[in-house]
Amino acid sequence: MSRVGKKPINVPAGVSIELNDQNICTVNGPKGTLSQYINPAIEMKIEGSEITFARPSEDKSVKSMHGLYRALVNNMIQGVTEGFSKKLEVVGVGFKASNNGNVLELSLGYSHGIFFALPPELKLTTETEKGKSPVITIEGIDKQLLGQVVAKIKSLRKVEPYKGKGIREFGETVRRKAGKTASKK
């Protein structure tokens, strides 16, 4: 039995949840609205301020969806109440990050600047302090969209293992390699 799928979800005050005929779960909260399709093989029950998920069979495909949909709905509830945010660090000599509204402008050592337009659901801020690496902060209510955008930004300049230059999440540790050693005489 799925440990994640068995745990009930407590719905905080100010959040309304609705499951329609097409199995689309809609969560409304103070920060916005999110929707997610729920597979008909998983039964979602809304009882007062508690949501439970059950599976009718022990089929492998149904078992794999049990915890998944519970986690997706829990993330939606957390997103519309608290929201999610990720911080990225741009490490490298001459690497710069700035924003103009929801357009991120990066200078990453290439011959050209990179302009990255974020979806309107996300909020972008950049900070540049003298002597420190630029920090990019992205906030939003959709955890999946936020993670996807962060992964795309990180892929623009992956962290290299020799000097540690590139875009990384704040606090992420990078395994460093020693590089070439001096030749012996």
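This is a predicted model: local features need pLDDT of at least 70, side-chain atom pairs count only at pLDDT 80 or more; totals for chains, interfaces and linings use all residues.
## Overall shape

Residues are numbered from 1 along each chain as its sequence is written, and side-chain values use heavy atoms, with hydrogens and water left out.

The chain has 3 helices and 13 strands (DSSP runs numbered from the N terminus: H or I of at least four residues for helices, E of at least two for strands). Its radius of gyration is 22 Å, well over the 16 Å that the globule rule gives for 185 residues, so the chain is more spread out than a compact globule. That radius is taken over C-alpha atoms, and the rule is 2.2 Å times the number of residues to the power 0.38. Along its principal axes, the C-alpha trace spans about 70 × 45 × 25 Å.

Buried residues account for 32% of the 185 (buried is under 20% relative accessible area, exposed over 50%, partly exposed in between, with a 1.4 Å probe and protein chains only). Take contacts (heavy atoms within 4.5 Å) between residues at least 6 apart in sequence: 52% of them join residues at least 24 apart.

## The hairpin

Strands β2 (residues 16-19) and β3 (residues 24-29) run antiparallel and are joined by 4 bridges; two strands count as paired if DSSP finds at least two bridges between them. Glu18 sits opposite Thr26 in β3. The two strands make a hairpin with 4 residues between them, and Asn23 in the turn has a positive phi of about 60 degrees.

β9 and β10 share 4 bridges, and Glu105 stands opposite Phe115 in β10.

The other open sheet has 4 strands, ordered β11-β12-β7-β13, again with antiparallel pairing. Its edges are β11 (123-127) and β13 (166-169), each with a single partner strand, so one side of each lacks a neighbour in the sheet. Twist averages 25 degrees from one strand to the next. Inside it, 6 bridges join β7 to β12, with Lys87 opposite Thr137 in β12. Across β7, β12 and β13 lies α3, running at about 5 degrees to β7.

The largest nonpolar core has 22 residues, and Leu106, Ile136, Ile138 and Ile153 have the most contacts inside it. Such a core is a set of buried Ala, Val, Leu, Ile, Met, Phe, Trp, Tyr and Cys residues joined through side-chain atoms within 4.5 Å. Two or more residues each come from β7 (84-91), β9 (103-107), β10 (114-117), β12 (135-140) and α3 (143-154). α3 gives the most, with 5 residues.

Not counting residues up to four places away in sequence, Ile136 touches a list of residues including Leu88, Val90, Leu104, Leu106 and Leu124. A second, separate core has 20 residues, among them Ile9, Ile38, Ile42 and Ile77.

Note on methods: Axes are lines fitted to C-alpha atoms, for helices over the stretch in contact, and angles run from 0 to 180 degrees between N-to-C directions.
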